[in-house]
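Here is a short report on surface features, charged pairs and open space in a protein model. Look at the structure first, then read on.

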Amino acid sequence: MKRAVSLILTSAAVLALGTTAFAAEGSTVISQGNQEIDVEAKYESSVETPAVYSVDVSWGAMQFTYAASGTKDWNADSHTYTDNTEAGWTAEGNTVRVTNHSNAQVTASFTFEALDAYPGLSGIFDKPSLILPSAENKAVEAEELTAETVLGLEGALDGSVTEFTKIGTITVVIQ
């Protein structure tokens, strides 16, 4: 009999006890059966994407010819020439091309500086600066990633310079 009472009391105690399960911001007592608990998640990124600059700059021959044409007519009465000439610049390869492969927008700026031996010369770019968009999510050959500017010269070149001679430099600044 003691055994039967002991068995009944033990069974009653087991059935009376529940199992407590805890979840974030909630708890419940499970008497019998299953309990579903929602699980939530989210994504956080602390990945930094630094700007990487890669710009191609190419240019042509940058050879300019200053040419005079026309006539100088002799005036026998005054012993002088009447100057009927015109002079001007022609160029071969005077284009600078810039292509942006960076993951950031870039601005390319251009300046020309004549050497001290040629103080009367100046250079003018048809586009003194070019703004190129980021190459991110664009094809390598995307047209909007490439732009050009053309250098023109002003002033006169002395007639003693009969071979191609360095007269100045172009500076390209990428920002």
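A patch here is made of residues with over 30% relative accessible area and no salt bridge, and nonpolar side chains are joined into one patch within 5 Å. Keep in mind that the model is predicted.

**The nonpolar patch**

Which residues make the nonpolar surface patch? Val57, Trp59, Ile170, Val172 and Ile174 do, over about 400 Å². Two strands, β3 (55-59) and β11 (168-174), each supply at least two residues of this patch. The largest share comes from β11, with three residues.

Take Ile170 as one example. This residue lies in strand β11.

**The salt bridges**

Side chains of opposite charge can pair when their charged atoms come close. How many salt bridges does the structure hold? There are two. The table sets them out.

| Salt bridge | N to O distance |
|---|---|
| Lys42 and Glu44 | 3.1 Å |
| Arg97 and Glu148 | 2.5 Å |

In the pair of Lys42 and Glu44, both residues are exposed.

The other bridge joins the side chains of Arg97 and Glu148. This pair links distant parts of the chain, 51 residues apart. Arg97 sits in strand β6 (residues 95-100), and Glu148 sits in strand β10 (residues 146-154). Arg97 has a relative accessible area of 39%, so Arg97 counts as partly exposed. Glu148 is also partly exposed, because its relative accessibility is 32%.

**The largest pocket**

Rolling a probe the size of a water molecule over the atoms shows where empty space is left. The largest pocket has a volume of about 590 Å³. Which residues lie nearest its centre? They are Met62, Gln63, Phe64, Thr165 and Ile167, out of 26 lining residues.

Four strands each supply at least two residues of the lining: β3, β4 (63-75), β10 and β11. What kinds of residue line the pocket? The lining divides into 16 nonpolar, seven polar and three charged residues.

Some strands turn up in more than one feature. Strands β3 and β11 supply residues to the nonpolar patch, and both also supply residues to the lining of the largest pocket.

Methods
Residues are numbered from 1 along each chain as its sequence is written. This is a predicted model: local features need pLDDT of at least 70, side-chain atom pairs count only at pLDDT 80 or more; totals for chains, interfaces and linings use all residues. Side-chain values use heavy atoms; hydrogens and water are left out. A salt bridge is a side-chain nitrogen of Lys or Arg within 4 Å of a carboxyl oxygen of Asp or Glu. Buried means under 20% relative accessible area, exposed over 50%, partly exposed in between (1.4 Å probe, protein chains only). Patches are made of residues with over 30% relative accessible area and no salt bridge: like charges are joined within 9 Å, nonpolar side chains (Val, Leu, Ile, Met, Phe, Trp, Tyr) within 5 Å. Accessible areas come from the Shrake-Rupley method with a 1.4 Å probe; for residues, only the protein chains shown count as cover. On a 1 Å grid over the protein atoms alone, a cavity is a set of points where a 1.4 Å probe fits but cannot get out, and a pocket is an open set with protein on both sides within 12 Å along at least five of seven lines; lining residues have an atom within 4 Å of a point. Grid points are joined across faces, edges and corners, and a volume is the space filled by probe spheres set on the points. Ala, Val, Leu, Ile, Met, Phe, Trp, Tyr, Cys and Pro count as nonpolar, Asp, Glu, Lys and Arg as charged, and the others, Gly among them, as polar.
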